[in-house]
Structures are given as C-alpha cells and as structure tokens.
2 protein chains.
Amino acid sequence: MTLDPSSPAEAEDRAAEVLSRWASPAGPALRAAVETLHPWPARMAAYSFGWADRDGRPVDRRTAADGKGLRPALVLLCARAAGAPAESALTGAVAVELVHAFSLVHDDIMDGDERRRHRASVWRAHGVGPAILAGDALLALAVATLARAPGPGSAAAMERLSATLIELVHGQAEDIAFEGRPWTGPDAVTVEEYVAMAEAKTGSLLGCAAAVGCLLGGGSPERADRMALMGRQAGLAFQVTDDLLGIWGDPAVTGKPASSDLRRGKKTLPVLAALQAGTPAARRLGEALAAPLTGEEDLERARALIEAAGGRRRARELAGSCLGRALDALHAEGASGPAAEDLAVLLRFLVERAR
Amino acid sequence: MTLDPSSPAEAEDRAAEVLSRWASPAGPALRAAVETLHPWPARMAAYSFGWADRDGRPVDRRTAADGKGLRPALVLLCARAAGAPAESALTGAVAVELVHAFSLVHDDIMDGDERRRHRASVWRAHGVGPAILAGDALLALAVATLARAPGPGSAAAMERLSATLIELVHGQAEDIAFEGRPWTGPDAVTVEEYVAMAEAKTGSLLGCAAAVGCLLGGGSPERADRMALMGRQAGLAFQVTDDLLGIWGDPAVTGKPASSDLRRGKKTLPVLAALQAGTPAARRLGEALAAPLTGEEDLERARALIEAAGGRRRARELAGSCLGRALDALHAEGASGPAAEDLAVLLRFLVERAR
C-alpha cells in the first residue's frame with residue numbers, strides 16, 4: 001500500500017470518504033439502541049450525538065468533518081481486516097461509540113467545558129444532574145449492547161471494554177490532578193506523565209475499538225493485542241495533534257477560541273516538552289506561565305517561547321512517531337487489501353487533520 | 001422452615017447474624033478490587049463504603065445495622081441455594097455491591113442529598129466533579145470484575161447486570177420526573193407509576209443480585225428468573241418500608257430527620273396511596289400538600305391525614321404482599337436447608353426493620 005504525503009485538506013477528504021463508508025452502518029444501530037432508553041436520557045443522548053436540538057427536535061449535522069464516527073469505523077474496519085464481515089462487529093461499534101459519548105458528557109461536567117462540537121455541552125444545555133444521568137445511561141447502554149453480542153469473541157471483547165472503562169477513569173483522574181500541579185519545580189508534570197495520561201484517556205478507547213473489532217471478527221487474542229497497540233498509538237497521536245491545534249489551530253476551522261488551552265493553563269504536551277528543554281527560552285516560558293495568560297500579547301509571546309524551546313517540534317515528532325508505530329503494528333499483521341488501506345488513511349488523518 | 005413473628009429488634013439481630021456470615025466473604029474481595037483503581041477515586045470509593053474518612057484514614061464502622069452487605073449476602077446465598085459453594089459467586093457479589101455504591105454516589109448528587117449513612121455524602125465531602133468520577137470508577141470496576149468471572153454462567157450474569165444498569169437509570173429518571181409532577185389532578189403520580197419506579201430503582205438490583213448468584217452458582221436461566229422475581233419483590237418491599245420509616249420512623253434509630261420525606265415533598269407510597277383513597281381525609285391531605293409542610297404542626301397534621309386516608313395501612317399491606325411473593329418464589333424453588341432459611345430471614349428483615 002502506498003500513501004502520498006497529503007495536505008490536511010486532502011487527508012480530511014479521504015478520511016471523510018472512508019468514515020462515511022465505514023461508520024455509517026453503525027448509525028442506525030446506535031440510534032435504535034438509544035431509543036430503548038427512558039425517553040428523557042434518550043433525548044439528552046440524542047442531543048449529545050448531534051441528532052437533536054436541546055428540545056429533542058431532529059437536526060441534521062455533518063458528521064465526518066469533526067471526526068465523528070472514527071471509533072465505530074475503527075471497530076468495523078478491524079473486524080473486516082480480521083477477515084470477517086463488518087456486521088459481525090456491529091454491537092462492538094455501537095458499544096465503543098456509546099462509551100465515547102459517555103466520557104464526553106461526564107468529562108465536560110468535571111472539566112467545566114461549556115462548549116462541545118459548536119454547541120452548549122450537555123450539562124450546560126440540560127443541567128448537571130440530568131447530564132450525570134445521561135452519561136450513566138450511555139455507559140449502561142454500552143455495556144448492555146456488548147453483553148448481548150453473539151459469537152465466541154464477545155466475552156473477550158467485554159473484558160477489553162471494561163478494562164478500558166477503568167483506564168478512562170484513571171486518565172481523567174490524572175488529567176484533573178495535573179491542573180493542581182505546578183508548571184515548574186520538583187512537582188511539575190513531566191512529559192512521561194503526560195504521555196501516560198493521554199494514553200489512558202484517549203489511546204485506550206481507540207485501542208479498545210480496534211481490539212473489540214478484531215475479537216468480534218474472530219481474530220485471535222494476539223492479533224487483538226497488536227490491533228490494540230495500533231489503536232493506542234493512533235489515539236496518542238490524535239491527542240498530541242489536538243494539543244497542537246489547541247495552541248496553533250485556526251479558530252475558524254477548529255471551532256474553538258484561539259489558544260484556548262493556553263488561556264486556561266491546560267497542561268498540554270507542547271508546553272510540557274518546551275519546559276523540559278532546559279534552554280533560556282524554556283526558562284522564560286516557565287516565568288511567563290507563573291501568571292495567567294490573558295491578553296493577546298501574552299499569548300503570542302508564550303506561543304513564540306514554546307516554539308523557540310522546541311515544544312512544537314517535539315510534539316510533532318511524538319505524533320509522527322506514534323503514527324509510525326501504529327502503521328507498523330498494522331503492517332506487522334501482514335494486513336492488506338481495502339480494509340488495511342482504509343485503516344491507514346484513518347490513522348494518517350488523525351495526525352494530518354486541521355481540526 | 002418456620003419463622004416466628006418477631007419484633008424489629010429480633011429481626012434485626014437475626015439478620016445481622018446472617019449478614020455477618022454471608023456478606024463478610026465479599027469484604028476482602030471488594031477492598032482488593034477497589035485498590036486496583038487510581039488512588040484518588042479509590043480513596044473516594046473507600047469513603048463511600050465507610051472504610052475511611054474523607055482524608056483516607058481508615059475508620060471502623062459497624063456494617064450490619066444499616067443493612068450494608070445485604071446485596072453481596074443475597075448473591076452468595078443464591079449461589080449456595082443453587083447447590084454451589086458461595087465462593088463461586090464472589091465476583092458477582094463484588095460487582096453487585098459496586099453497582100449499588102455507584103448508584104448511591106451519583107443519585108446523591110442528582111437528588112441533592114447531603115447526608116448518607118450519618119456522614120456527608122460523597123459529593124458534599126469531595127465535590128461534585130470528583131464524585132462523578134468516583135461513581136464512574138465504581139461502575140467501571142463492577143463491570144470489569146464481572147467480566148473476569150470464570151465459569152459458564154458469567155455471560156448470562158453480565159447480561160443481567162447490564163440490563164439492571166439500564167433499569168436503574170430508568171428508575172432514577174422517573175424518580176426525578178416525579179418531583180416536577182403535582183400531588184393531585186390528572187397529572188398526579190399514581191400508585192402504579194410509583195410501584196414501577198420503585199421496582200426499577202430498588203427492586204431491579206436486588207433481583208439482579210439473586211439472579212447473578214444463582215447463575216454463577218450454575219443455576220438454570222429459569223431458576224435465575226424465579227430468584228430474580230424473589231429479589232425484585234423483596235426490593236419493592238424494602239423501598240416501601242423505607243417510605244414508611246421516612247414518615248413514621250424514629251429519628252434516633254433511622255439517623256434521618258423526622259418526616260424528612262414529607263418535609264421535602266418527596267412522592268412516596270403512603271402519601272400517594274392516601275391521596276388515591278377518594279375519602280374526605282384524602283381531599284384534606286391534597287389541600288394540605290398544596291403548600292410546603294414546614295412547621296411541626298403541619299407535619300403532624302399531614303401524618304394524621306395520611307393515616308386516616310389509609311396510606312399507612314396500604315403501604316404496609318403492599319410491603320407484606322411483596323414479601324409474601326418473595327417468600328413464595330423462594331419456596332417454589334423447593335429450596336430448603338440453611339441457605340434457604342437464611343434467605344428467608346433476610347427477606348423478612350427488609351420489611352420488619354426499624355431503620
């Protein structure tokens with residue numbers, strides 16, 4: 001398989017096409033599952049997926065551009081790559097997407113995030129208590145969906161999914177704990193700690209998607225391990241790319257305010273890597289971060305210092321090396337054919353996207 | 001098997017003895033499971049179980065008197081009643097108790113309950129965001145624990161547990177919705193709606209405990225269905241007894257303020273049954289409930305009207321008939337021997353307790 005270097009726009013177009021082919025089979029099954037919930041959490045769940053406005057009226061939203069459908073597509077592609085029809089992993093695709101939605105709904109409450117996908121987050125639209133219930137409903141439905149999956153791989157898939165739930169909690173706990181820790185000094189968050197957090201918080205669910213698809217498609221535990229590694233590394237690359245876009249992304253494209261992560265003092269990889277460089281720029285960055293960055297001038301200076309200290313470069317290198325490991329894991333499978341090529345397109349998109 | 005009519009104190013003593021024998025094997029397994037979590041949610045989980053104070057220092061609390069251990073005991077007893085060693089269902093006992101703890105932690109946030117088991121609830125002690133995380137951790141751990149359960153009954157047990165999670169959400173959604181509905185008129189909450197809510201919110205998990213124990217103990221699906229019915233009916237009897245204690249219970253014994261449910265305008269069975277009686281007392285009660293009950297005089301009058309309209313009697317009758325159906329389901333098993341006798345003691349305790 002060959003893949004030309006491509007621009008973010010090209011990577012996005014190709015990925016959108018792959019996503020629309022591979023994620024769409026999961027859509028009706030996901031909606032059917034949500035409709036089995038109590039009407040109130042079902043309405044909040046529909047809002048969280050972008051199917052309905054806050055009053056439950058159907059809305060039509062583009063899905064591919066904001067990366068939605070990535071996880072179900074990964075599940076179904078990995079089943080296909082294991083030689084099974086994609087439908088064999090449909091329950092897994094639904095379950096993984098439900099877990100993703102659960103984690104967004106609850107994390108937005110914990111993190112105080114008021115916006116999600118260009119709209120009010122669920123807790124801002126419906127209230128904290130109801131949003132807790134909506135998240136619980138999504139998680140319960142995920143487990144119930146996978147528990148009903150037929151086939152010999154379903155017990156192993158459930159073990160992977162539930163271990164991932166524990167990892168997600170671990171990653172979220174670390175992420176919150178990072179907020180209370182300093183930028184510099186002996187208690188500063190290290191790059192290694194950040195990588196472990198991001199792997200738990202973002203990598204684990206992409207790894208789970210790949211492993212669950214493989215297992216439900218009849219793949220061996222060893223093959224599922226390699227697919228999990230592929231997904232984890234891709235997830236880490238995805239998160240680091242998110243961090244880069246959170247500092248240098250175009251607000252008109254990302255839908256988030258410029259430098260929003262810097263404004264909020266969020267501990268992201270480019271900043272942590274810059275601070276660890278030990279250069280004069282790193283020291284000046286540490287001094288600049290001692291007070292909140294408010295004005296545009298502060299932010300511009302911080303961005304320049306992060307770049308001068310090599311934070312942007314190191315983040316890009318890490319995303320690139322994670323992508324490389326993900327592609328290596330895919331190729332180590334000896335996987336070929338359309339499913340493997342489509343997987344490679346998706347993996348590259350995670351790093352090459354502009355939003 | 002014969003059981004003499006007994007006083008609440010005697011029922012409690014016998015139940016405490018049964019609980020200490022049957023719930024205690026699950027204790028170390030539960031603690032070991034919690035210790036695998038990230039240290040922060042693990043500390044909050046330990047607080048929620050009463051093993052530690054809010055700073056994580058170990059505390060020694062009596063467990064039997066407040067009904068703790070009921071669900072693990074039910075799991076292990078039902079495995080034993082199915083002819084298996086109790087240990088065969090240990091993972092189920094741990095999983096069910098973790099689900100119970102999860103639902104208390106999240107429901108206390110949604111309901112704004114500040115006290116739980118004579119202490120600050122988890123969200124009052126640790127904050128709303130951390131309490132959401134603690135609940136998520138408990139639920140994730142429940143699923144992961146059962147997913148690792150060995151034996152042929154474990155897949156069916158997971159199906160029961162996950163269906164119960166959906167029911168718990170359903171019951172909680174209804175319970176919250178009831179708060180916004182009127183006491184009287186065409187939109188009033190009916191006794192039938194209340195029973196459906198209580199069965200989902202309280203009955204489902206006790207039914208799940210019994211079925212999971214039976215299945216992990218090698219019992220057939222049909223036998224598990226009967227055990228589930230026993231647990232559901234017992235759970236409903238438990239909830240209605242809770243409602244009675246919430247109005248007429250002795251604050252020194254229950255640990256809750258006198259008439260706390262009446263003060264908060266909570267829709268409980270004795271009140272709903274009284275309002276449906278259609279008598280002059282029922283009408284006067286409806287009028288009295290139009291404004292919040294604040295003073296001791298208001299509360300005393302409301303209690304008298306509920307009693308005069310037959311609400312207390314109907315609630316006792318419902319608890320009694322649910323207990324009867326639970327005992328019938330147990331006897332329909334042809335179950336006998338020590339496990340069946342201990343089960344009967346526990347079922348009776350749920351109705352005859354004073355707290």
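In which helix of chain A is A:R21 found? A:R21 is found in helix α1 of chain A, which spans residues 8–22. Helices here are DSSP runs of H or I with at least four residues, strands are DSSP runs of E with at least two, and both are numbered from the N terminus.

The model is predicted: local features need pLDDT of at least 70, side-chain atom pairs count only at pLDDT 80 or more, and totals for chains, interfaces and linings use all residues. Residues are numbered from 1 along each chain as its sequence is written, while chains are lettered from A and ligands numbered from 1 in the order in which they are written.

**Overall form of chain A**

- Chain A contains 17 helices and 2 strands.
- The radius of gyration of chain A, 20 Å, is close to the 20 Å that the globule rule gives for 355 residues, so chain A is as compact as a globular protein of that length. This radius is taken over C-alpha atoms, and the globule rule is 2.2 Å times the number of residues to the power 0.38.
- Along the principal axes, the C-alpha atoms of chain A fill a box of roughly 60 × 50 × 35 Å.
- Of the 355 residues of chain A, 55% count as buried. A residue is buried if 20 or more other C-beta atoms lie within 10 Å of its own C-beta, exposed if 12 or fewer do, and partly exposed in between, with C-beta atoms placed from the backbone.
- Among the contacts in chain A with a separation of 6 or more, 75% join residues 24 or more positions apart. Two residues are in contact if their C-beta atoms, placed from the backbone, lie within 7 Å.

**Helices α2 and α5 of chain A**

- The axes of α2 (residues 26–34) and α5 (residues 90–111) of chain A come within 9 Å and cross at roughly 65°. Axes are lines fitted to C-alpha atoms, for helices over the stretch in contact, and angles run from 0 to 180 degrees between N-to-C directions.
- The crossing of α2(A) with α5(A) is right-handed. A crossing has this hand if the near helix is turned clockwise from the far one by less than a right angle, and is left-handed if the turn is anticlockwise.
- On α2(A) the contact is made by A:A26, A:A29, A:L30 and A:A33, and on α5(A) by A:L90, A:A93, A:V94 and A:E97.
- The residues of this contact of α2(A) with α5(A) comprise 7 nonpolar, no polar and 1 charged. Ala, Val, Leu, Ile, Met, Phe, Trp, Tyr, Cys and Pro count as nonpolar, Asp, Glu, Lys and Arg as charged, and the others, Gly among them, as polar.

**The two chains together**

- Chain B and chain A each give 31 residues to the contact between them.
- On the side of chain B that touches chain A, α3 (39–49), α5 (90–111), α7 (128–147) and α8 (154–179) each supply at least two residues.
- That side of chain B divides into 22 nonpolar, 6 polar and 3 charged residues.
- The same surface serves both copies, as 100% of the contact residues of chain B recur in chain A.

**Individual residues**

- A:R21 is partly exposed, with 15 other C-beta atoms within 10 Å.
- A:V75 is found in helix α4 (residues 70–81) of chain A and is buried, with 34 other C-beta atoms within 10 Å. Leaving aside neighbours within four places in sequence, A:V75 has contacts that include A:A89, A:A93 and A:V212.
- B:H106 is found in helix α5 of chain B and counts as buried, with 28 C-beta neighbours inside 10 Å. Beyond its neighbours within four places in sequence, B:H106 is in contact with A:I132, A:D136 and B:G135.
- B:R117 lies in the loop between β1 (115–116) and β2 (119–120) of chain B. Phi of B:R117 is near 50°, a positive value in a residue other than glycine.
- B:H118 lies in the loop between β1 and β2 of chain B and has a positive phi of about 65° although it is not a glycine. B:H118 counts as exposed, with 10 C-beta neighbours inside 10 Å.
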